[in-house]
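Hi,

Here is the structure I said I would pass on. Have a look at it first, and then read on for what turned up.

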Amino acid sequence: MRASAARNLPALLLGLREEGFSGTVRVAGTPGGTIHLRDGLVGAIETPGAPTATSTLLTSGRIGDEDWLAACAAQRGADLLGERLVADGLVGAAELEVVCAAAVFDAAFALSLGAPGSWELGDPEPALLARPGVEPRQLTAETTRRISLLSRLWGPPGELVRVRPVPGMGVVEGPLSGRHEDILNQVNGRRTARDIAFALGRGLYAVTLDLIRMQTLGFLRWETPTVPGGRPSTAPRVTPGRTPAAGPPPVPSRTEPLPRRTPRGGEKGGK
Amino acid sequence: MSTAVEASLARFLDSPGVTGVALVDAVTGLTYGVAGDTAEAGDGSESSEFAALVAERLGRAGAEGELESVVTTSLRRHQVLVTVGRPAGDPLLLTAGLDRARVNLALAARSMGDLAGEVLA
């Protein structure tokens with residue numbers, strides 16, 4: 001199929017499905033990304049807009065770093081890495097399917113939030129794949145459903161993922177679940193939904209839904225962006241559990257001097 | 001879509017009266033797999049929204065802890081939602097349709113609760 005013949009990305013994926021195409025589709029734009037296809041089915045999508053299955057498994061602690069590296073070393077071909085993880089007993093086959101499928105749908109949602117860019121087709125590249133893969137038609141339908149739901153609940157999803165929530169100050173209705181508490185620990189007025197998703201190893205769409213629900217319950221409120229359409233967030237990713245208790249972001253004092261590095265040459269090498 | 005998930009779900013159909021069962025993401029509503037009658041298992045997004053609504057209302061009413069299950073009964077069938085906890089990651093829901101004429105609800109609910117812990121194995 002001529003990549004330039006398709007009128008948009010969903011149409012391209014449908015055409016590639018009919019052809020049984022195996023390879024990659026590199027999508028330009030913001031966030032852009034790479035779509036991995038096997039026999040026309042979407043096996044994985046890598047985009048800076050949402051965590052991949054690998055990121056989800058590692059950040060959440062579901063698989064330890066050392067176990068992951070050992071599995072990668074034992075199985076050179078990343079296409080078969082999933083089978084290796086299951087064979088080593090690091091994750092169940094059904095659970096791996098769930099994680100990989102969730103990552104595909106989430107990345108498609110993240111891709112849909114940016115301005116459509118150009119694309120180009122390429123050869124297959126190794127990736128941790130959802131098995132057997134997601135039908136492009138199903139991917140488009142689910143992404144449309146997500147966009148519609150967020151639009152109904154909040155407004156334009158593209159703006160929603162750019163706002164930076166701050167902890168709520170009013171009366172809170174109901175108890176806080178563990179999932180919501182994890183989010184609240186990340187909310188500091190600087191992080192967007194995307195930042196929180198990466199920090200927790202959760203899906204962007206799931207985090208966005210939780211943020212809306214938490215805002216409704218009074219756990220947080222929205223910090224309206226001061227510069228409409230500003231640059232993407234570059235807030236640092238923080239490992240869960242290392243963030244101090246939620247609170248308003250510190251206001252820098254103009255009277256205090258900047259901190260100075262103290263030379264510690266005598267302690268070089270540590271204890 | 002998911003062979004390992006669907007194979008795991010198929011075990012639920014061995015229980016008498018279970019007509020359809022699905023594994024659904026409790027947060028996003030995405031359906032990961034279905035066994036049996038898809039319509040009987042219920043729509044994933046509707047099930048997740050309903051379970052979230054019930055959990056929220058129970059929380060406001062003072063209930064503590066995570067939602068375990070929801071049973072909705074109509075003239076001919078039961079719709080059962082069972083929360084599936086995970087070692088890491090967002091919770092899942094097992095959604096099942098049960099035929100009232102053939103099922104013992106107490107036994108079916110217990111069986112689903114027992115099997116829920118093994119569905120991701």
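Let's start with helix 1 of chain B, where Ala4(B), Val5(B), Ser8(B) and Leu9(B) are buried (buried means that 20 or more other C-beta atoms, placed from the backbone, lie within 10 Å of the residue's own; helices are DSSP runs of H or I with at least four residues and strands are E runs of at least two, numbered from the N terminus). Seen down the helix axis, these buried residues fall within an arc of 135 degrees, so they line one face of helix 1 of chain B (the arc is that of the directions from the axis to the C-beta atoms). As a reminder, an α-helix has 3.6 residues a turn, so residues three or four places apart point the same way. The cover over that buried set includes helix 5 of chain A, along with strand 1 (18–25) and strand 2 (31–36) of chain B.

Before going further: this is a predicted model, in which local features need pLDDT of at least 70, side-chain atom pairs count only at pLDDT 80 or more, and totals for chains, interfaces and linings use all residues. Residues are numbered from 1 along each chain as its sequence is written, while chains are lettered from A and ligands numbered from 1 in the order in which they are written.

Now the contact between the chains. Chain B puts in 24 residues and chain A 27 (two residues are in contact if their C-beta atoms, placed from the backbone, lie within 7 Å). On the chain B side, helix 1 (3–10) and helix 3 (44–60) are the elements that give two or more residues.

Chain A itself is divided into domain 1 (7–153) and domain 2 (157–223), with bounds from an automatic or database domain assignment. Their centres, taken over C-alpha atoms, are 24 Å apart. Where they touch, domain 1 of chain A supplies 17 residues and domain 2 of chain A supplies 14. On the domain 1 side, helix 2 (53–59), helix 5 (93–112) and helix 6 (136–153) of chain A each give two or more residues, and helix 6 of chain A gives the most, with 5.

Finally, confidence. Chain A averages a pLDDT of 84, and 79% of the residues score at least 70 (pLDDT is the predictor's confidence in each residue, from 0 to 100). Over residues 240–255 of chain A the pLDDT is below 50, and this stretch has 18 contacts beyond near neighbours in sequence. Where pLDDT is low, the predicted coordinates should not be read in detail.

Cheers

Key: Buried ≥ 20, exposed ≤ 12 C-beta atoms within 10 Å, placed from the backbone.
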